[in-house]
Amino acid sequence: MKTHVVKIDRSKSLAQEPGTGHNRWHEDIPPVLKVQPGDQVVMETRDALDGQITSASNADDVSRADLRPAHALTGPVYIEGAEPGDLLEVKIQAVQPEAFGFTVQVPGFSFLRDLFPEPHIVRWDIKDGFAQSRDLPGVRVPGAPFMGVMGVAPSRKLRESIQAREAALAARGGIALPPEPGGAVPAAGDIAQHGLRTIPPREIAGNLDIKQLVAGTTLLIPVATHGALFSVGDAHFAQGDGETCGTAIEMSATFTAQLALRKGAAKQRNLHSVQDFKDGAGHGARRGMDRFYATTGLCIRGDGQNESEDVTLAARNAYLAMIDYLVHERGFNRQQAYAICSVAVDLAISEVVDVPNVVVSAFLPLDIFV
């Protein structure tokens, strides 16, 4: 296993150091490095808002924050031999926090945005595994660091399909974020004009905000284009399921993972959503489970129509993905799999703020199998 390191200068914004990353999803973004399957990557990352919020910031600074540069991602990484139909294995080994974190409420962006229209900020000091803040006296939050955004590039066909379905959703009155060249990195050409915003999660993963993706967990992402083009950012020190006010304890971090491939697995399993698993003890396990397998659902119908913030549809899709897993990987029939879902699988609303898509996760405890 060879180790590859991507360093950044956090005194500079991504726009000032564009060779280290990007903030749009597009198949033509050049890789920052190339690796072999099984190699390890160590990637320094910026916070989601790319340094706009500091320990000296106040609520007025939050109201002036520009969301167009979100998210500042490090990457992409080209994995040799990756091709559409493969599954990319992201074996998460470490998420090392920086010392400062923040939680902000940006007007117009949260689950309860109609009831909380004013900007707000909590500034966190991160030390010795906990976060504390003078803005929330008497509160100490234990850390379970994870990356909010991990994803791969779409193919051109998938990107154009996503743009079309999100445009159709907006035309029906739903909330969707069309391509926006302002604040884009790369800043010119087709990528800036037509790259996908990184706010919503999609089939390529992206802004999942699944708090269980801590060190020791493996994320499985369907590969859509040659080389996969993996990127990472939006580190969180801690988060509740849902990320309800729009942000977690946001921070910069250093991410370490091993990248591997399951050749043809996504095509063989007809897999179009991300899954993850954890198979051993470690900090941040789901509700005390050291061993679990999880599937996810977005609010996208089987015919490809995108709905807006539909938790019920996302839950349905998470359950259907779990049933498929139990049938194809565990050998049960569909009714047996449905029964297992009912007696053993926990649902979690992983995020409800990254419009138009919410993420619901279904967690299967592996210890039930004897």
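I take helix axes as lines fitted to C-alpha atoms over the stretch in contact, with angles from 0 to 180 degrees between N-to-C directions. Helices (H or I, at least four residues) and strands (E, at least two) are DSSP runs, numbered from the N terminus.

This is a predicted model, in which local features need pLDDT of at least 70, side-chain atom pairs count only at pLDDT 80 or more, and totals for chains, interfaces and linings use all residues. Residues are numbered from 1 along each chain as its sequence is written, and side-chain values use heavy atoms, with hydrogens and water left out.

**Entry 1: a helix pair**

I looked up how α5 (311-328) packs on α6 (residues 334-344). Their axes lie 9 Å apart, at an angle of about 125°. The two helices are therefore oblique to each other. (Under 35 degrees counts as roughly parallel, over 145 as roughly antiparallel, 65 to 115 as roughly perpendicular, and the rest as oblique.) The crossing of α5 past α6 is right-handed; that is, the near helix is turned clockwise from the far one by less than a right angle.

Which residues of α5 and α6 meet? From α5 I noted Y319, L320, M322, I323, D324, L326 and V327. On α6 they meet R334, A337, Y338, I340 and C341. Contact here means heavy atoms within 4.5 Å. By class, this contact has ten nonpolar, no polar and two charged residues. (Ala, Val, Leu, Ile, Met, Phe, Trp, Tyr, Cys and Pro count as nonpolar, Asp, Glu, Lys and Arg as charged, and the others, Gly among them, as polar.)

**Entry 2: the largest pocket**

A pocket is an open set of points on a 1 Å grid where a 1.4 Å probe fits, with protein on both sides within 12 Å along at least five of seven lines; lining residues have an atom within 4 Å of a point. Points are joined across faces, edges and corners, and a volume is the space filled by probe spheres set on them.

I read a volume of about 1100 Å³ for the largest pocket. Its lining has 37 residues, with E203, N270, L271, H272 and S273 nearest the centre. α5 turns up again here: it gives the largest share of the lining, eight residues. α2 (156-171), α4 (265-268) and β18 (291-297) each supply at least two. The lining divides into 14 nonpolar, 13 polar and ten charged residues.

**Entry 3: the second largest pocket**

The volume of the second largest pocket is about 370 Å³. I found 29 lining residues, with L67, F109, I199, G246 and D354 nearest the centre. The classes are 15 nonpolar, seven polar and seven charged.

**Entry 4: backbone**

A cis peptide bond joins A70 to H71, with omega about -5°. H71 sits in the loop between α1 (59-64) and β6 (73-79). Another cis bond joins G75 and P76, with omega about 5°. P76 is in strand β6. In strand β13 (residues 205-207) I checked A205. Its phi is near 75°, a positive value in a residue other than glycine.
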